[in-house]
Amino acid sequence: MTSPADFHTHSTFSDGRLSPAQLVDLAYRNGVRIMSLTDHDIVDGLPQAFEAAAKYPDFSLVPGVEMSTDVPGNEVHILGHFIDWEDPTFREKLARLQESRLGRARKMVEKLTELGKPVTWASVGAFAAEGAVGRPHIALALVEAGHVTTVNEAFDRYLSRNGPAYVERDRLTPQEVVRLLLDVGGLPTIAHPGEFGDSPDLEPLLAQLADAGLVGIEVYYQDYEPAQIKKLRGLADTFGLVPLGGSDYHGLGGPRQREPGMIPLTMEPVNRYLALAGQRGVRGRARGPSAVA
Ligand code: AMP
Ligand code: ZN
Ligand code: FE
Ligand code: FE
């Protein structure tokens, strides 16, 4: 099932394999008509995405970002849509996160050397290119060096949260990030809550974040099954959140990968989300038809 909307995608400006323009082209070919670029802790790909989107009069691009946060025992990602991405204070905060990503990646490379699985910093840097460096770039370097055969294997053996080469990043709490996104007029949405599995921690977190101003929850995502979607929709209702969705397309392959738009997100919640953006006066930050209420 495909959707005309996709609120979660990555480009070469973080750990995606397609440039913003290639990503917009692919999304458009897949039938997507409203898309958000949500690179990790970076907004530098947005000008290129807007430029590419302008080629298609019936396509809207929503400025976005995905920010990593930590809670005990879990990593929580928060998407921010309709952000004022040019805000200097916000940009400064993102710049500090980039620096922290670099320092952390260097430490992970050192750990890999100690583990007898060396990768060169140059190789990691080449995969990261202009983007915010992340574990997927280190995973690609591990594949290139022949220590593993796939990115997934790199995560499973070394880079996952409990893996021997894992290094924590500077911690922001989800509440801090929700506030930071609201400060620039963004609509915050919790990404891939399925990461919590059956953990009892999800509901209290949603309650806290809804209080802090969380607006949406990613319900339609990659390989989420109908039963899981139903459960997440129930949580969306309980906490008054918009049930959103996104492919989280990175272009790195793997069994869970879905191309842009390849998720069962209908326009009903999307229109609710757009109406909310209209009420908050931020809908015009999208470019294209959906910018107009
Ligand atoms: P980082 O932001 O550096 O902590 O890297 C996190 C990113 O790594 C996530 O957003 C995913 O794109 C990717 N990732 C996390 N776990 C896996 C996995 N098991 N296999 C492949 N990619 C993963
Ligand atoms: Zn990613
Ligand atoms: Fe994520
Ligand atoms: Fe993502």
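Colleague: In this predicted model, which residue has a backbone N or O atom 2.7 Å from an oxygen atom of ligand 1?

Modeller: The model is a predicted one, and 13 residues surround ligand 1, with His 40, Arg 104, Arg 135, Asn 152 and His 250 as the closest. The contact you ask about pairs an oxygen atom of the ligand with a backbone atom, and the residue that supplies this backbone N or O atom is Arg 135.

Colleague: How much of the accessible area of ligand 1 does the protein cover?

Modeller: Side chains also reach the ligand: an N or O atom in the side chain of Asn 152 is 2.8 Å from a nitrogen atom of ligand 1, and one in the side chain of His 250 is 3.0 Å from an oxygen atom of the ligand. On its own, ligand 1 has 500 Å² of accessible area, and the share of this that the protein covers is 79%.

Colleague: Which element gives the largest share of the shell around ligand 1?

Modeller: The elements that each give two or more residues to this shell are strand 4 (74-81), helix 3 (88-114), helix 5 (135-144) and helix 6 (151-159). By class, the shell is made up of 3 nonpolar, 5 polar and 5 charged residues. The largest share, 3 residues, comes from helix 6.

Colleague: What is the volume of the largest pocket?

Modeller: The space taken by ligand 1 is the largest pocket, and the class make-up of its lining is 8 nonpolar, 19 polar and 13 charged residues. The volume computed for this largest pocket is about 1,200 Å³.

Colleague: Which residues that line the largest pocket are the closest to its centre?

Modeller: Strand 3 (60-71), strand 4, helix 3, helix 5 and helix 6 each give two or more residues to the lining of this pocket, and helix 6 provides the largest share, with 4 residues. Among the 40 lining residues, those closest to the centre are Phe 155, Glu 195, Tyr 221, Asp 248 and Arg 256.

Colleague: Turning to the cavities, which element gives the most to the lining of the largest cavity?

Modeller: The structure holds 2 cavities of 30 Å³ or more, and the largest cavity has a volume of about 40 Å³. The lining of the largest cavity consists of Glu 75, Val 76, His 77, Ile 190, Ala 191, His 192, Pro 193, Glu 195 and Phe 196, which divide into 5 nonpolar, 2 polar and 2 charged residues. The element that gives the most to this lining, with 3 residues, is strand 4.

Colleague: Where does the largest share of the lining of the second largest cavity come from?

Modeller: The second largest cavity has a volume of about 30 Å³, and Ser 68, Thr 69, Asp 70, Glu 75, Arg 104, Tyr 166 and Arg 169 line the space. In this lining, 1 residue is nonpolar, 2 are polar and 4 are charged. The largest share, 3 residues, comes from strand 3.

Terms used
Residues numbered from 1 in each chain as written. Chains lettered and ligands numbered in written order. Predicted model: local features only at pLDDT ≥ 70, side-chain atom pairs only at ≥ 80, totals over all residues. Heavy atoms only, no water. Near = heavy atom within 4 Å. Polar contact = N/O pair within 3.5 Å; in protein donor to acceptor, adjacent residues only side chain to side chain. Areas by Shrake-Rupley, 256 points an atom, 1.4 Å probe, with all protein chains shown as cover. 1 Å grid on protein atoms, 1.4 Å probe; cavity = no way out; pocket = protein on both sides within 12 Å on 5 of 7 lines; lining within 4 Å. Sits in = over half its atoms within 2 Å of the grid points. Nonpolar A, V, L, I, M, F, W, Y, C, P; charged D, E, K, R; others polar. Points joined across faces, edges and corners; volume = space filled by probe spheres on them.
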